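Dear colleague,

Please find below the structure that I am handing over to you, followed by a short account of what was found in it.

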Amino acid sequence: MQGTEQKITTSYSSFEMVRKEGYLYVDKTAYLYRLVTGADMYFLSRPRRFGKTLTVSTLEAIFQGKRELFKGLAIDSLDYDWKTYPIIHIDFTNCWKKTADALDGWLKDRLEEVADSYGVGPLDMAKTSDDLFAKLILLLSKKDKVVVLVDEYDKVVSDNALAENVGELRDTLRGFYQVIKAKGGCSVSCS
């Protein structure tokens, strides 16, 4: 069958890039539709190199209301409202922090970037990352239901598993993730 071949990539984990560049995409959007119209909170955990980052990117495009990227996919024909939601997307892929203070600072910088992008900043950077996270969710919830997407949620602990201070890093992340648990009304995906 000539002309029906599609490019395959293992380099891109951005849904938007995969779709715009014409790479093969195995349509999982019917499942994602059930996910985004179902319960308020999900935790997705799969083996390495199993498409978690692409899934998070796809969810982000859904919550950004980018329907044009989904033309021809299952979700496009389903009853989804394509509304745009405020999104807090934290990706730990490039977080190489080795101390709790450095990790807290890195998290605060990411939250400040999100706050600025939605015009609700600046945040009080003297506070801890978990306090800023709770405040940011509160500020964004005035706009609409807040979506929280976390990618590589355990990378910092995994990278520092043998370090003496791994417990401090874990405690910083525990406080940060506790905000999500306390704010159960937001949609959450962690990979």
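Lys 108 is placed in helix H4, where helices (H or I, at least four residues) are DSSP runs numbered from the N terminus. With a relative accessibility of 13%, Lys 108 counts as buried (under 20% relative accessible area, with a 1.4 Å probe and protein chains only). A polar atom of the Lys 108 side chain lies 3.1 Å from the backbone oxygen of Lys 127. Apart from neighbours within four places in sequence, Lys 108 is in contact with Met 125, Lys 127, Thr 128, Ser 129 and Leu 132, contact meaning heavy atoms within 4.5 Å.

Please note that this is a predicted model, in which local features need pLDDT of at least 70 and side-chain atom pairs count only at pLDDT 80 or more, while totals for chains, interfaces and linings use all residues. Residues are numbered from 1 along each chain as its sequence is written, and side-chain values use heavy atoms, with hydrogens and water left out.

Helix H4 also packs against H7. The axes of H4 (residues 100–117) and H7 (residues 166–182) come within 8 Å and cross at roughly 30°; the axes are lines fitted to C-alpha atoms over the stretch in contact, with angles from 0 to 180 degrees between N-to-C directions. H4 is therefore roughly parallel to H7 (angles under 35 degrees). In this contact, Ala 100, Leu 103, Asp 104, Leu 107 and Leu 111 of H4 meet Glu 168, Leu 169, Thr 172, Leu 173 and Phe 176 of H7. By class, the contact of H4 with H7 comprises seven nonpolar, one polar and two charged residues; Ala, Val, Leu, Ile, Met, Phe, Trp, Tyr, Cys and Pro count as nonpolar, Asp, Glu, Lys and Arg as charged, and the others, Gly among them, as polar.

The classes in the contact of H5 with H7 are six nonpolar, two polar and one charged.

A further residue is Thr 58, found in helix H3 (residues 52–63). Thr 58 is buried, with a relative accessible area of 1%. Its side chain reaches the backbone oxygen of Leu 54 at 2.7 Å. Leaving aside neighbours within four places in sequence, Thr 58 is in contact with Phe 15, Tyr 25, Leu 32 and Phe 70.

With kind regards

Note on methods:
Helices (H or I, at least four residues) and strands (E, at least two) are DSSP runs, numbered from the N terminus. Angles under 35 degrees count as roughly parallel, over 145 as roughly antiparallel, 65 to 115 as roughly perpendicular and the rest as oblique. Buried means under 20% relative accessible area, exposed over 50%, partly exposed in between (1.4 Å probe, protein chains only). A polar contact is a pair of N or O atoms within 3.5 Å; within protein, one must be able to donate a hydrogen and the other to accept it, and residues adjacent in sequence count only if both atoms are side-chain atoms.
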